[in-house]
Amino acid sequence: MDVASFLARLQADRHYRGQIASVRVLPARAADFRKPTSGLPERLRPWLAEAGIEQLYAHQAEAYDAILAGEDVVIATGTASGKTLCYQLPIIAALLEDREARALYLSPAKALAYDQLGGLERLISASGLTDAVKAACYDGDTPQHKRPAIRRSANILLSNPDMLHVSVLPYHAKWAAFFSRLRYIVLDEIHSYRGIFGSHVAGVLWRLSRLCEHYGSRPQFICCSATLGNPRELAENVTGRQMRVIDQDASPRGAKHVVLWNPPWLEGAQVGRRSANVEAMHLMKRLLEAGAGTITFTKARVVTELIYKFVTDALQRRRPDLAARVRPYRGGYLPNERREIEQGLFSGRILGVCGTNALELGIDVGSLDAAIVVGFPRTFCSLWQQVGRAGRRQDESLAVFVAYDEPIDQYLMRNAQFVFEQPLEHAIVDPRNPHILAAQLRCASFELPLSREELESQGDTAAAVAEALTDEDQLAFSAERYYATAKISPAVEVDLRTISDATYAIVDTTDGRNEVIGQVDSISAPELVYPEAIYLHKAESYIVRELDEDLRTAKVERFEADYYTQPVLADDCRITREREDDETALGRRCFGDVVVQWQTTAFRKFKYYTQELIGQTKLNLGLQRINTTACWIQPPKAALSAVTDAGHKVFEALSGVRNLCMVTLPPLAMCDRFDIGGIVDSAQLGVSTIFMYDRYEGGLGYARYAYDCLEELLHMAHELVAGCACEDGCPGCVAPPNLRVPIHHDPDVSRGYEIPSKAATLALLGAWVGEKKRRSDVAT
């Protein structure tokens with residue numbers, strides 16, 4: 001692909017209005033090859049020849065030697081750097097030497113495990129290793145009648161942490177032979193194991209390790225990660241082992257052009273920008289017409305469907321042959337649909353795909369020329385992972401980051417160096433969280449009785465958590481051990497990802513069809529398939545006729561609509577216990593326990609393409625509730641007086657600060673924006689108060705971070721709003737952010753419509769922290 005010529009054509013187009021904010025060319029890099037010091041078995045050479053590999057990259061050779069030497073390793077190199085071979089080669093070498101050995105491969109997504117299995121089976125067959133290597137997937141899609149044979153004969157088992165947690169560890173007696181021979185545990189895409197999911201996975205791996213020890217084995221851990229700020233720390237926290245880091249990427253790459261693309265202001269306005277979704281549609285259309293294999297990443301399921309619809313509608317008029325080669329890809333599709341899309345991408349039959357971050361992981365989709373990233377994907381690690389999906393050969397490639405009219409996106413457009421020079425985030429896990437620890441101790445005690453020594457290995461609070469569980473009759477203590485009181489495994493009640501195990505089937509009832517076309521978890525259902533919602537599936541519009549909460553089904557019918565729908569949600573935060581409070585020059589800040597409730601109260605209709613609001617309908621759906629933790633803050637009286645003295649309303653100023661805190665806390669606390677929520681309320685305490693809370697049962701420490709680092713948080717909020725070029729507030733600074741779970745919402749429209757006063761917000765923050773910052777700047 002001639003990227004420079006393509007960009008020149010874009011800039012010469014009559015519709016171009018200066019959208020390119022920055023272009024950075026990442027130079028090509030030559031490969032660095034090395035031979036491993038441990039010899040490769042002769043039977044591996046046909047394997048390498050079949051894969052088209054003549055030499056190993058230096059990091060592959062280093063990994064081969066380290067693994068065969070018995071070390072626990074974490075391999076943290078770039079996208080398409082050949083990490084798969086880093087663990088496949090030493091594992092197969094070990095299986096050739098010891099036919100009784102076993103390996104367990106765990107990935108965070110089923111699709112990735114099936115992709116790995118397909119590649120393994122092709123190479124095993126072509127290289128004549130079928131006698132020595134028997135690989136199989138074991139997950140929720142595996143037929144029951146095949147499972148016993150897989151347990152007996154597979155020496156490479158591919159699964160996921162959820163399946164291990166619910167269907168393997170509680171029934172470990174059936175797996176005794178496998179566990180006693182287990183030599184290797186591969187954790188692929190370990191950068192995905194962060195937050196609450198990663199914290200639970202750490203508990204699952206501790207349970208796996210104690211069962212292996214019970215059956216007489218101590219397997220090595222082999223972890224693979226995208227480029228990350230703290231690969232060693234994350235791998236050690238998740239596995240409990242000391243790790244050797246292999247992070248010098250020796251693979252080649254072609255030159256990559258990275259473009260920051262900022263949609264222009266709307267005609268005659270300096271308050272809103274043109275739709276990022278429509279800008280992405282035009283870019284994808286132009287790339288496909290140029291013959292470039294293209295992947296477009298979105299932050300929400302509904303945006304995936306919208307851009308797919310926009311692109312195929314546009315191509316259908318002039319290039320119907322290309323329209324037939326584009327597909328959407330997201331969660332909620334049935335497994336066979338996802339695999340058909342993956343195979344089409346790999347073979348080249350499909351030229352373009354619009355997808356959520358489900359395709360960010362290392363699924364082999366062949367070689368693509370371009371990647372479009374619509375909206376900042378929450379972390380720089382994810383941004384570079386998505387950018388890396390283009391240019392998987394040594395040819396030139398293009399990556400375009402299209403900004404939403406949101407604060408962080410606009411900050412990055414104004415500060416391009418931040419994108420290219422900002423250190424990557426540190427992934428955080430907290431397996432000692434009392435709620436997570438309690439769940440994992442219940443599961444572990446069901447599998448094997450827990451000793452006091454084992455509890456000590458799980459941190460200072462584990463013994464207290466076990467005692468609390470004993471007081472609640474969930475554990476029983478006898479003969480110096482804790483036993484589970486449950487008659488069935490507690491694992492069935494513990495969701496590793498904190499999304500309800502219960503799912504709703506989405507059933508197409510058009511003309512009496514009764515065909516399941518998708519699924520959604522029970523927490524998300526009231527926000528996605530409420531009555532009269534427009535449900536988009538492969539660019540087709542369906543209207544929801546009924547949401548049956550008893551049968552857990554949403555009945556939909558085909559419906560030709562020129563609009564789509566978005567939910568309107570209301571939330572409430574009530575204090576139940578104040579744990580800490582502090583009065584300083586920054587005012588009063590508190591931390592404690594709260595109950596958060598939210599509800600889908602209505603839905604709005606938006607026209608395709610223009611996002612024009614054409615109607616709103618009330619709904620009467622049930623409340624959803626969590627017990628969590630929050631930080632609440634009250635500015636000093638002098639700062640509030642500065643707002644009223646300037647003729648502004650205090651509520652508008654506090655609303656602006658609350659909105660800014662919701663987008664500045666995530667990069668500081670290393671969480672996702674959708675992990676937190678916030679409101680402004682005066683009814684509870686009689687004083688206008690900003691609440692920031694964790695959107696997880698029991699909390700995960702994000703609100704605690706806001707409490708501990710309030711000054712830093714407010715300074716960053718002040719810098720963000722002061723640096724925005726708008727006159728009186730826009731979606732790039734003080735407008736309400738989109739805080740809902742991203743699968744439901746289009747960031748182009750899913751925000752409040754009342755933008756707080758920028759002047760009021762600046763007046764409050766200037767009096768609150770600005771004067772202190774100015775004094776500090778003068779001193780330094």
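Glutamate 289 is partly exposed, at 29% relative accessibility. Its salt-bridge partner is lysine 285, with 3.2 Å between N and O. The model is predicted. It holds 34 salt bridges and zero disulfides. The points below cover several of the charged pairs and then the cysteines.

- Glutamate 289 and lysine 285 both belong to helix 11, which covers residues 276–289.
- The two residues are four positions apart in the chain, about one turn of the helix.
- Lysine 285 counts as buried, with a relative accessibility of 17%, whereas glutamate 289 is partly exposed at 29%.

**Pairs between distant parts of the chain**

- Side chains of opposite charge can pair when their charged atoms come close.
- A salt bridge connects arginine 241 and aspartate 72, with an N to O distance of 3.3 Å.
- This pair links distant parts of the chain, since 169 residues separate arginine 241 from aspartate 72.
- Arginine 241 sits in the loop between helix 10 (231–239) and strand 8 (244–246).
- Aspartate 72 sits in the loop between helix 3 (58–68) and strand 2 (73–76).
- Arginine 241 is buried, with a relative accessible area of 11%, and aspartate 72 is buried at 11% relative accessibility.
- Another salt bridge joins arginine 210 and glutamate 454, whose closest N and O atoms are 2.9 Å apart.
- This pair also links distant parts of the chain: arginine 210 lies in helix 9 (residues 195–214) and glutamate 454 in helix 19 (residues 452–456), 244 residues apart.
- Arginine 210 is buried, with a relative accessible area of 6%.

**Cysteines**

- How many disulfides does the structure have? The count is zero.
- For a disulfide, two cysteine sulfur atoms must lie within 2.5 Å.
- The closest cysteine sulfur to that of cysteine 86 belongs to cysteine 224 and is 6.5 Å away, so the distance is too far for a bond.
- Is cysteine 86 buried or exposed? Cysteine 86 counts as buried, because its relative accessibility is 1% and the cut-off for buried is under 20%.
- Cysteine 724 also counts as buried, at 9% relative accessibility.

Definitions and conventions
Residues numbered from 1 in each chain as written. Predicted model: local features only at pLDDT ≥ 70, side-chain atom pairs only at ≥ 80, totals over all residues. Heavy atoms only, no water. Buried < 20%, exposed > 50% of the residue type's maximum accessible area, 1.4 Å probe, protein only. Salt bridge = Lys/Arg side-chain N within 4 Å of Asp/Glu carboxyl O.
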